[in-house]
Amino acid sequence: MSRFPLFFRWLTIAALADWLITRTITRTAIFMPKPPQVVAAYQALTLIGQLAFTLTGLLALAAVFWIAWQSRRSVVLPFVLLSLAVFSIASVFVAPGGWLAVGYQLLVMVAVGIVGKHMWQETGGLKNKIAWSAPALALMLGGLYQLLPALYTALRWPGPPPLTETLFNLGELFVVLTPIVLWWAVGRASRVISPYKWAAIPVLAFVVAYLANPAMTAIIAIWSTGLTLYLPWPLYAVSLWLAGVTVIAALRQGNPTGWAMLLLIAGGYTPQLSAQVFLGLIALWSFAVSDPQPAFPLRQLRLPIPVAPLNS
């Protein structure tokens with residue numbers, strides 16, 4: 001993350017706080033009894049979550065503007081990103097619907113396609129190309145899943161649109177595969193055992209919760225990450241474990257891939273809010289510039305610290 005402005009780090013922290021507090025802890029607390037002490041803690045957490053959400057939205061917009069400026073040589077990507085930022089700001093005053101919603105989803109998919117194309121064409125090594133294609137495909141399929149209903153509504157066609165369930169399930173599959181292929185590209189290079197031990201803690205919590213109450217765990221997973229858990233649960237456990245290993249290993253290497261994965265997790269699958277959409281796009285762009293020869297060259301920053309190559 002040393003190649004990025006400091007607010008990228010603050011964005012990641014705020015986004016994680018928003019995800020953990022607003023979309024996970026406070027929603028899980030709905031199922032808990034609430035004596036006065038718990039109600040007070042719940043209200044305090046809600047307030048903190050709202051602050052984290054507001055900060056995430058502002059920093060995500062700042063990051064989008066920064067990426068647009070840094071990638072200005074490509075012309076099209078800055079235009080698309082700035083258009084998305086305008087849509088996001090306008091949606092505060094006018095709820096997007098009809099053709100506006102269709103246009104927004106199309107812009108998101110165009111942005112994913114541009115970054116994904118540059119990653120595939122200019123990223124060194126087949127291993128990195130395959131690894132970084134997984135999150136790009138997950139974002140693209142999630143965008144298609146959201147585009148079809150908006151298009152049917154704009155055209156006033158009778159629904160539901162075909163293939164939406166297939167697109168959603170296929171996108172969720174790529175979400176689950178993303179930590180696995182990123183571990184294969186980045187995380188397994190680590191020869192330290194501790195990342196595997198620390199990453200096992202959330203996995204154990206997930207396994208215990210799922211075996212104790214699969215239905216409630218699936219509901220919380222949808223609220224928290226957008227995943228339905230339709231695949232066999234051991235696959236989610238392995239994916240969660242390798243996601244933790246990859247994040248810890250990448251952060252130790254000084255590789256932006258770790259921060260990008262955290263942004264992907266905080267953004268969730270098929271997000272409904274523009275701030276969360278931006279998190280996915282920022283993460284994808286971060287994957288692109290994680291390569292020693294990035295697809296979108298950055299200007300020289302003060303006191304740069306080299307980022308360890310993925311193949312090291």
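Biologist: Helix 5 and helix 6: roughly parallel or roughly antiparallel to each other?

Modeller: Bear in mind that this is a predicted model. Helix 5 covers residues 126-155 and helix 6 covers residues 164-185, and they pack at an angle of about 160 degrees. Angles over 145 count as roughly antiparallel, so helix 5 and helix 6 are roughly antiparallel to each other.

Biologist: How far apart are the axes of helix 5 and helix 6? And is the crossing left-handed or right-handed?

Modeller: Their axes are 8 Å apart, and the crossing of helix 5 and helix 6 is left-handed.

Biologist: What classes of residues make up the contact of helix 5 with helix 6?

Modeller: That contact has 21 nonpolar residues, four polar ones and one charged one.

Biologist: While we're on helix 5, is Pro 135 buried or exposed?

Modeller: Pro 135 sits in helix 5. Its relative accessibility is 2%, and buried means under 20%, so Pro 135 counts as buried.

Biologist: Which residues line the largest cavity?

Modeller: The lining is Val 64, Ile 67, Leu 77, Leu 81, Ala 111, Val 115, Leu 281, Ile 282 and Trp 285. By class, that makes nine nonpolar, no polar and no charged residues. Helix 2, helix 3, helix 4 and helix 11 each give two or more residues to this lining, and helix 11 gives the most, with three.

Biologist: What about the second largest pocket, what's its volume?

Modeller: The volume of the second largest pocket is about 690 Å³. It is lined by 25 residues, and the closest to its centre are Ser 91, Tyr 104, Gln 272, Leu 273 and Ser 274.

Biologist: Which elements give two or more residues to the lining of that second largest pocket?

Modeller: Those are helix 2 (36-70), helix 3 (76-91), helix 4 (99-122), helix 5 and helix 11 (274-288). Helix 2 gives the most, with five residues.

How values were computed: Residues are numbered from 1 along each chain as its sequence is written. This is a predicted model: local features need pLDDT of at least 70, side-chain atom pairs count only at pLDDT 80 or more; totals for chains, interfaces and linings use all residues. Side-chain values use heavy atoms; hydrogens and water are left out. Axes are lines fitted to C-alpha atoms, for helices over the stretch in contact, and angles run from 0 to 180 degrees between N-to-C directions. Helices (H or I, at least four residues) and strands (E, at least two) are DSSP runs, numbered from the N terminus. Angles under 35 degrees count as roughly parallel, over 145 as roughly antiparallel, 65 to 115 as roughly perpendicular and the rest as oblique. A crossing is left-handed if the near helix is turned anticlockwise from the far one by less than a right angle, and right-handed if clockwise. Ala, Val, Leu, Ile, Met, Phe, Trp, Tyr, Cys and Pro count as nonpolar, Asp, Glu, Lys and Arg as charged, and the others, Gly among them, as polar. On a 1 Å grid over the protein atoms alone, a cavity is a set of points where a 1.4 Å probe fits but cannot get out, and a pocket is an open set with protein on both sides within 12 Å along at least five of seven lines; lining residues have an atom within 4 Å of a point. Grid points are joined across faces, edges and corners, and a volume is the space filled by probe spheres set on the points. Buried means under 20% relative accessible area, exposed over 50%, partly exposed in between (1.4 Å probe, protein chains only).
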